Amino acid sequence: MADIQAKSIDLASQEALRKAREESIKTSWDRLEVQKPQCGFGQLGLCCTVCNMGPCRIDPFGEGAQEGVCGANADTIAARNLVRKIAVGASAHSDHGRDVVHTLALFSEGHAHDYDILDLEKFKSLAEELGIDTNKSKEEIAKELAKRFFAEFGKQEGELLFLKRAPKKRQQIWKKLGISPRGIDREIVELLHTTTMGVDNDYKNLINTGLRCALSDGWGGSMIATDLQDIILGSPQPVRGKVNLGVLKENYVNIVVHGHEPILSEMAVKASQDPELLRLARENGAEGINLAGICCTANEVLMRHGIPVAGNFLQQELAIITGAVEVMMVDVQCIMPALQNIASCYHTKLVTTNPKARFPGVLHVEFQPERAYQVAKQIIRLGIENFVNRNKERVNIPKYEMDLVAGFTKEVIFQILGGRYRATYKPLNEAIISGRLRGLAGIVGCNNPKQTHDYFHTTLVKELIKNDILVLQTGCSAIACAKQGLLIPEAAKEYAGKGLQEICEAVGIPPVLHLGSCVDNSRILTAASCIIQEGGLGEDLSDIPAAGAAPEWMSEKAITIGFYFVASGVYTVFGASPFAVLGSKNLTNYLTKDLESFVGGRFEFCDDPLQMATLMIEHIDRKRKALHLRPLMYQ
Ligand code: BF8
C-alpha cells in the first residue's frame with residue numbers, strides 16, 4: 001500500500017483509494033499510469049496543432065526539425081500554446097461572472113424572485129464607486145449596475161472599470177505597456193486571433209497580449225463575479241466549518257454540490273433545509289439531508305454558510321466511492337468526465353444543471369435563475385428518493401474530518417484588524433513594517449495526480465507560516481491546508497513563527513486565511529491595493545513584500561490567474577511541470593527573468609515545495625530591503 005501513500009498525504013483519500021482498489025474502480029491516479037510516459041513534445045510545449053498542415057513538432061535536442069511546416073519555431077509554438085490557455089482560463093472565469101450579472105439583471109426586472117440584495121452596504125458602495133445615483137430603488141440601482149457590467153464584456157475601447165482599484169502607479173505601468181484591458185470579450189477574442197496560423201510570430205508580443213487578457217479576468221470577469229456574488233448572496237464573514245470526506249453522514253441523504261457557480265448551490269443550501277424535503281427524507285428512512293461541497297462551489301457555500309467541504313479536486317471521484325452519495329449535482333468547470341462511469345458503479349445519481357456542461361446519458365435538470373429554488377428542490381428530491389437504493393454494505397466513509405475557519409474577504413480583513421468602527425489595514429501594514437510579520441503569500445490552485453495530493457500545498461504553507469508569512473488562500477489549495485488543520489486559530493501556536501503567532505493570538509485568526517473560490521483571487525488583488533493605499537509599503541503592488549504560488553496546478557484557469565498575478569507585479573511560483581514552455585529557452589527566460597524589469601512580477605518554476613518556500617522568502621526579503629523596512633523581530 002506504499003504506492004497509495006505516495007498518491008496522497010490525506011488519510012481520508014488514502015482510505016477511499018484502498019476501497020477503490022478493492023472494488024476495482026479506476027480513478028485519475030490509475031488513468032495517469034496508463035497515460036505514462038506522457039508526450040515529451042507536449043510537456044515542453046513543442047507540439048503544434050494550430051493548423052492542418054500539422055501536427056508539427058520541434059526536436060528539443062536540436063537535431064531534427066526546428067520549425068513547423070509554416071516555419072513557426074519553438075518560441076512561437078510554445079508561446080501560442082501557452083497564451084491560448086490564458087484565453088480559455090479567462091473565458092471560464094469571466095463567463096461565470098457574466099452569469100452572475102445576468103442574475104442581477106433578472107432580479108432588477110423582477111424575474112429572479114429567489115434572490116435579493118443581501119449585502120446592501122456593498123451594493124451601495126459599488127454603485128457609488130461607479131457614479132450611479134443611489135437615491136433610487138434597489139431594483140433600479142441593480143438595473144444600472146447590470147447594464148454597466150454587461151458593457152464590460154463587450155466594451156471595445158477605454159479601460160475596464162475596476163482597473164481604477166489598482167494603485168495609480170500600477171495603472172500607469174499597464175498604460176505604458178499597452179496592456180490595460182478594454183473589454184473582457186474583446187481581450188479573449190483578440191488573444192485567440194493572434195494565435196491563429198500566420199498572425200503573431202513574436203513570442204514577446206504574444207505574451208504581452210496574454211498579460212492583457214489575463215488582467216481582463218483578474219480585474220474584470222473574476223472581480224465582477226466576486227463583487228456581485230457578495231451583493232446577491234451576502235458577503236462572507238468568518239465562519240467555522242468542517243472539511244474532508246468524513247463530513248458525509250452515514251444515516252443522512254448526502255447531496256454533494258460540485259463546480260463553481262454559487263448562484264445554484266446557494267439555492268441547494270436553502271432547499272436542504274426545506275421542512276417539506278426534510279420530512280420526505282425522514283419518510284424515506286434517513287435522519288435528514290446533509291449537503292456538502294467539492295471544489296470551488298464548496299468554498300462558496302462554506303464561506304457564506306459554513307456548509308461542510310467534502311474535498312478538493314482529486315476527491316471528487318473519492319466522494320462517490322464512499323458509496324454514501326445520493327446525488328452529485330454539478331455545474332461548470334473542474335468536473336471530471338470520469339464521474340459518469342464512477343457514479344454508474346454505485347447508486348449515486350450524477351445530475352448536470354448547466355446547458356454548457358452536459359454528459360451523454362446523464363440526467364440533466366436545467367438550472368434557471370427564474371426558477372432557482374424550484375430546480376434546487378427538484379434535484380434534492382431526487383437524492384431523497386435515491387436514498388433507498390443505497391447499498392449499505394458498500395458504504396465506507398473515511399472517519400476523517402477537520403475543523404476550519406473561513407470567510408475572510410478584503411472587507412473582513414479591514415474589520416478584524418482595525419475593528420468595525422475604525423476599519424483599517426494599518427495594523428497589518430505596521431506588522432510588516434515593524435518586522436513582526438515578514439510578508440504575505442497567496443497560495444492558490446488545484447491538485448494534480450502527477451504530484452502527491454495536498455503534499456505541495458501543505459508543505460509550502462507550513463514553511464511560509466513558520467517564517468512569519470501570513471498566507472492567503474483560495475480554491476483547492478485552501479481545502480488542502482484546511483484538511484491538515486492549518487485553517488484554525490490554534491494552528492498558529494503549532495506551526496507559525498513567533499511574530500505571526502502574536503498577530504493571530506491578538507486578533508483570533510488562523511495563520512492561513514481562506515478567501516474563497518478561484519474567482520475570489522480577485523479579493524487578493526483588492527486587499528493588496530488596500531495595503532498600498534494604507535501607506536508605508538511602497539507605491540505599487542510590486543513593492544509589497546509578497547509572493548504567490550500555485551504548487552499543484554492543473555487547470556488553464558490557474559495559468560490565467562498566474563498571469564494576472566504577474567501582470568499585477570507579483571512574483572509567482574508554479575509547480576507541476578510548468579506551463580509546457582521549457583522547450584523554448586527564449587520564452588522561458590522571458591517569463592522567468594525579463595518580465596520583471598517592466599511588469600514588476602515574474603514567474604518561477606519549481607517542483608520542490610521547500611525550495612519554493614525558499615524562493616518566495618528570498619523574494620519577500622528583497623522587497624523588505626528595497627523598502628528599507630526594519631529587521632525581522634524574531635527570525
Ligand atoms: O477554480 S483550484 S481544481 S476547483 S481550477 Fe478547479 Fe483548480 Fe480546484 Fe476551482 Ni480553481
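## Close-up views of a predicted model

View 1. Cys518 sits in the loop between strand 13 (512-514) and helix 23 (521-534); helices (H or I, at least four residues) and strands (E, at least two) are DSSP runs, numbered from the N terminus. This is a predicted model, where local features need pLDDT of at least 70, side-chain atom pairs count only at pLDDT 80 or more, and totals for chains, interfaces and linings use all residues. Residues are numbered from 1 along each chain as its sequence is written, and side-chain values use heavy atoms, with hydrogens and water left out. The SG atom of Cys518, at 2.3 Å, is the only protein donor of the nickel atom of the ligand. Donors are N, O and S atoms within 2.8 Å of the metal (3.2 Å for Na, K and Ca); water is not among the atoms, so sites may look incomplete. What is the geometry of the site of the nickel atom of the ligand? The site is irregular, with angles of 92 to 157° among its four donor atoms. Four donors count as tetrahedral if all angles lie between 85 and 135 degrees; four count as square planar and six as octahedral if opposite donors are over 155 degrees apart and all others between 65 and 115; anything else is irregular.

**View 2. The largest pocket.** Its volume is about 900 Å³. On a 1 Å grid over the protein atoms alone, a pocket is an open set of points with protein on both sides within 12 Å along at least five of seven lines, a cavity is a set of points where a 1.4 Å probe fits but cannot get out, and lining residues have an atom within 4 Å of a point. Grid points are joined across faces, edges and corners, and a volume is the space filled by probe spheres set on the points. Of the 32 residues lining the largest pocket, Ser125, Lys410, Glu411, Phe414 and Cys530 lie nearest its centre. Helix 23 supplies the largest share of this lining, seven residues.

**View 3. The largest cavity.** Seven cavities of 30 Å³ or more are counted, and the largest cavity has a volume of about 250 Å³. Among its 20 lining residues, Leu440, Leu472, Ile524, Ala528 and Ala546 are the closest to its centre. Helix 23 gives the most here too, with five residues.

**View 4. The largest nonpolar core.** This core has 174 residues, and those with the most contacts inside it are Ile207, Leu464, Phe563, Phe579, Leu591 and Met616. Helix 10 (residues 203-233) gives the most to this core, with 14 residues. A nonpolar core is a set of buried Ala, Val, Leu, Ile, Met, Phe, Trp, Tyr and Cys residues joined through side-chain atoms within 4.5 Å. Buried means under 20% relative accessible area, exposed over 50%, partly exposed in between (1.4 Å probe, protein chains only). Leaving aside residues up to four places away in sequence, Leu464 touches Ala441, Ile443, Ile469, Val471, Ala613, Met616 and Ile617; contact means heavy atoms within 4.5 Å.

**View 5. Trp174 in helix 8.** Trp174 is found in helix 8. Is Trp174 buried or exposed? Trp174 counts as buried because its relative accessibility is 0%.

**View 6. Backbone details.** A cis peptide bond, with omega about -5°, joins Lys36 and Pro37. Asn244, a residue other than glycine, has a positive phi near 110°. Asn244 lies in the loop between strand 3 (239-243) and strand 4 (253-258).
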